[in-house]
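Biologist: I would like to learn how such a model is read, one feature at a time. Could we go through it together?

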Amino acid sequence: MVDAAVDTLVRCAADAGAEVAYAAKAFATIGFLRHLAQHSIGVDVCSLGELITAERAGFAPERITLHGAGKSNEELAAAASGRIGRIAVDGIEELERLAAISRDSCAAGVLLRLNVRVEAGQHAFVRTGGDDTKFGIHARDEEAAVALLARNPQLRFVGLHAHIGSQVYESAAYAANAAALLDAAQRFAHRGLTSSEIVMGGGFGVPSHPNAVPEQLDVAAAIAAAARCVRDAARERGLPSPRLGIEPGRSIVALAGTTLYRVLARKRQTSRTFVVVDGGIAENPRPALYGAHHHVVGVARPEGELEEVTLCGRSCENDELGTVELPPNVRAGALLAMCSTGAYTYSMAGNYNRVVRPAVVALAGGSHHPLARRENLDEVLARDILE
């Protein structure tokens, strides 16, 4: 399923003259990224941990882009020293710090991540453009960015970037983002900085239910429309046509992931039936954070009429995982399958209540192999200081 998703995106991007880079924040282990490295795509990383994972998976520096709204000095030094090909600079202070750290030379090309005030996505927490987000350089700061680049010729400007949100189902949002980026490219060109690359991010919506009401995004049409917008706008403005970049994460890995839960209890309260499973907010915080929905089915053959229940975890919170329909034979000991958990589930897992993180197993061609083993309690306690 992952390979099919990658192949589809690469084909759509190639038809539009665009490049693809996988957003590692969605899910990253060394084994998984090693598999993706066999495809003609790059990878986006947001931390030293993700960078080292990509390096050990075999991604060459020129295939790696560093993102993030708050980069550490160590991450900026990685850009300067040549461990990555490009860095998406997210603010004026960050650009100043990069200039100071790379005073002699900066091997990475510089993308300026802008806030072009286009926003999309189903929840405020996953909208990364517009007036209520921390991401990107505001239009008022563009002059300051240009001046900083002029004073620091070691910083090689390559283009502009803007990400508008996650779980986006409207192609028009990507066209609007592309148009806004070309408007910005014209402003920068007038200041002597020509954009050879325009990166419009990812966030392509994927269905979370077999009968999902939101229409699944036509990714090919969205990419083609954005690429057409970039070409036409560049021609109208007398600019060289920049190369378009896209950064999918969820749309590559989300539907490939299924989480297996063991039911611990089924209980009836005043007006709701609760089914408690051996997981929850620790390994799947997204339902609690912003109401992420996942389709859930029982593994065993259902017996009896389906009943609406509240699925929740075992943590010391009302950590509801969603309202689902399950048969009455789903009781303690039963297995449940939660679908479309490949993205932002394992990668956001923690050790709340000192629980262990689950294992991850890859399936392909009728066989399986582990990508991450299950933690044990000694590992959870390993950093405790006993003196």
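This is a predicted model: local features need pLDDT of at least 70, side-chain atom pairs count only at pLDDT 80 or more; totals for chains, interfaces and linings use all residues.

Modeller: Residues are numbered from 1 along each chain as its sequence is written, and side-chain values use heavy atoms, with hydrogens and water left out.

Biologist: How many helices and strands does the chain have?

Modeller: Helices (H or I, at least four residues) and strands (E, at least two) are DSSP runs, numbered from the N terminus; the chain has 11 helices and 16 strands. Its radius of gyration, taken over C-alpha atoms, is 22 Å, close to the 21 Å from the globule rule (2.2 Å times the number of residues to the power 0.38) for 387 residues, so the chain is as compact as a globular protein of that length.

Biologist: What percentage of the residues of the chain count as buried?

Modeller: Buried means under 20% relative accessible area, exposed over 50%, and partly exposed in between, with a 1.4 Å probe and protein chains only; of the 387 residues, 51% count as buried.

Biologist: How many disulfides does a search of the whole structure find?

Modeller: A disulfide is a pair of cysteine sulfur atoms within 2.5 Å, and the search of the whole structure finds zero. For Cys312, the nearest cysteine sulfur, that of Cys316, is 12 Å away, and Cys312 counts as buried at 9% relative accessibility. For Cys339, the nearest cysteine sulfur is that of Cys312, 19 Å away, and Cys339 counts as partly exposed at 24%.
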